[in-house]
Amino acid sequence: MGVRGLKTYIESRNKNDLRSWAFRDKKLIIDGCNLYYTLYFDYNLDQMHGGDYDAFEELITQFFKNLTACDIHPYVVLDGAADHTDKKWETIRQRKQDKINAALAVSEGKKEKVLPILIGNVFRQLLQKFKIPLVQCIEEADWEIAALAQKWNCPVLSNDSDFYIFNLKAGFLPITHFQWETVKQDRQTNQKFIQAKHFTVRKFCASFNMNTNLLPVFASILGNDYVKLQNIRCMNWAKHSVTDTPHPHIDGLINWLSQFSGPEVAVSALLKMMSDNEKAITKEALSKGIQEYKLFPGSLAKFFQLKMIPRTTCKGPLQVLPQRTLMLLLEGKMSSSIIDAVMNQRVLITSQVEDFQLPCSSETSRPIRQVIYGLLLLGEQRSTGTSKCYVEEYCRQQTKLSSQKVEAIQTMNGLRLKTLWEEPLSVRLQVLLDTLGVSSEMLRGIQPDLHLQIFVTRYWLVNAQPQPSQMHLWGLLLGMVYGKFSSTLKGQRDMLLGPKKLQTAGRRIDLEHETAHLYSQWQSCMKWSLSLNSLLCFPVSEPVIASLYCGTWLHQVVRELRRGRPLDSLLERGSSAEQLFKQLKDVVESLIGKNVIKKMRTGLEQRTVGNTHRDYNGHNQPIDEPSSFFEHLMYEYDYEDDDDDLNENLRKSKAKDHPDISYTIRTRHKSKARNANHPSKKYERSCFK
């Protein structure tokens, strides 16, 4: 939801609306989507190259570690599907177009906000790993968050301005003023706490001598996602402002409302200012807007305490879903897009930074979604194949939001969602394998924890357009290796300094649109394969998503390979990292077949024609399938940073062993950035000041 301008108005007031609070030892209801959105952009993590999930993982990990250090007990609530009543459909469509525009701007090197496509998956996976209580709502979470906070008498952590309107007994903590990076300690009690700013509706309204029940009227007049009354919002409310404020419109409206004893009197006075033909529609819109902020017992408390599925969830379109599927949805182990598909028969595709002259990157993963739609929507009455079902997908056509109807595909005869949990593992696995174009014989020799990422990579290589080259494959596999090994102390010394220098060079590089587009396709395939795997009751284990893709590093690897850097210079001979890379490479190439490999080689030769090998001792050999792949290491690198990495890890280890040391946030690749123009500089300054 959100009330336009209210957050900046409250923060700019000289009044003490936001009061300091040494916050500790309490329950805290967290607006999960708002949290990861805010943190990702506040710490300037990568947007242009598809996201740096490893850096995001460290950020979220430290956040919850610091809460634990202060005995704060978090309960995370996530948004679900788009509103199924269509009350805000036009707002949703406009925001979707805005996100397309933002992705286009970032692809052109401009500054915007584009959240990487797998961030939500990484966030949910981390919360499950840390056993943080989590629920994913069926629809938007704001009201349920407020209702739970009211029942438990604990504050809400968010940046959504609607929480300035909900009259919560324990108040609201804006993320912007929640200084979680540094845990402080009371000198007298030795108790640790996080410094925060605290807002309550009661104190805010008292400063205007206003009835707290008038705030929902204020929000509805000013306008939110559900109420857009342009005629009353644009009235000259500024004339009622009595203070010198940069927001006289908001200040004046609050002062005008303060003269009334309650909502009914205020609405009546407002209607007198309207023409006769506007009164009815204005009254109805205001009534609906006010209702959005009325709190009564919700359903989340029982779910958190008893794992009880709310009765309302089992009614309407979602009643077709089995109880176990509903439970996975509520536990955040399944994508909320499933709710959109079932309830609305429409899905909004996430916009990515890619080549906007090419078709949307999500087209590559459409066959995967068609299988998902078939499992969700093709019930027993459609098993004969005589009836078709469609889902309306909303994604970009060039730079404009457009929609098209996508047919749901029946998978195997007799396979139904309601009995899917009862099907043998082999049947559910076969659906996944058939969708991704993998035969069961191909499973042999692949360790189980690599299954999904290998299958998705195989699917991507065969279906992506344009055809990925070998360097795109090598870069992707190197990224998986780097993600697996760089998170451990041993791993920091198990790879050559070459990859580290790529990541810590600190120079901004222009976007290679082809590379961005190809990797956006891979991420889309991974996202929907994760969704299909969960819907099929996890026939293969989920990979650790944060270790699969580090966009900044990966794009630099591809750039270096384009320039002629030999592949074997990026791994230490005989290391476990080298062995894993060879294993991944051999398996993928065995899955895709010789014809695809030939196409990849041909495309690579075309891409590398005319390239000069300026920076690597004058060598200019074309990159080809290396028959003697790891026979030699051609270049020497300076190892001095290795000791710095080791010392840093030892410092972290000591801090972990001594909980009395204050915790501060520091991510692996951001902490090494030394160039003032690096996008992480703001992040680095906040960590080391």
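Quick housekeeping before we go on. This is a predicted model, so local features need pLDDT of at least 70 and side-chain atom pairs count only at pLDDT 80 or more, while totals for chains, interfaces and linings use all residues. Residues are numbered from 1 along each chain as its sequence is written, and side-chain values use heavy atoms, with hydrogens and water left out.

Okay, rings with rings. How many aromatic pairs does a search of the whole structure find? The search gives 30. Rings of Phe, Tyr and Trp (its six-membered ring) pair if their centres lie within 6.5 Å; planes under 30 degrees apart count as stacked, over 60 as edge-to-face and the rest as tilted. Take Trp143 and Phe296: the ring centres are 4.6 Å apart and the planes are at 50°, so this pair is tilted. The pair links distant parts of the chain, 153 residues apart, with Trp143 in helix α6 (residues 142-152) and Phe296 in the loop between α12 (276-291) and α13 (300-306). When I say helices (H or I, at least four residues) and strands (E, at least two), I mean DSSP runs, numbered from the N terminus.

Is Phe296 buried or exposed? Buried means under 20% relative accessible area, exposed over 50%, and partly exposed in between (1.4 Å probe, protein chains only). Phe296 has 53% relative accessibility, so it counts as exposed.

Now for Tyr164 and Phe172: their ring centres are 4.9 Å apart and their planes are at 85°, so we call that pair edge-to-face. Both Tyr164 and Phe172 are buried. They also belong to one aromatic cluster, together with Phe163, Phe166, Phe199, Phe204, Phe208 and Tyr293.

On to helix packing. Two packed helices are described by the angle between their axes and the distance between the axes. Helix α8 (residues 215-222) and α12 pack at about 125°, with axes 8 Å apart. Axes here are lines fitted to C-alpha atoms, for helices over the stretch in contact, and angles run from 0 to 180 degrees between N-to-C directions. So α8 is oblique to α12; angles under 35 degrees count as roughly parallel, over 145 as roughly antiparallel, 65 to 115 as roughly perpendicular and the rest as oblique. On the α8 side, the contact (heavy atoms within 4.5 Å) is made by Pro216, Val217, Ser220 and Ile221, and on the α12 side by Leu286, Gly289 and Ile290.

Next, Asn533, which is in helix α22 (residues 513-535). Asn533 is buried, at a relative accessible area of 0%. Leaving aside neighbours within four places in sequence, its contacts include Leu432, Leu452 and Phe538.

Last, some backbone details. The peptide bond from Gln465 to Pro466 is cis, with omega near 0°, and Pro466 is in the loop between α18 (451-463) and α19 (470-485). Asp25 has phi near 50°, a positive value in a residue other than glycine. You'll find Asp25 in the loop between β1 (19-23) and β2 (27-31), and it is partly exposed, at 44%.
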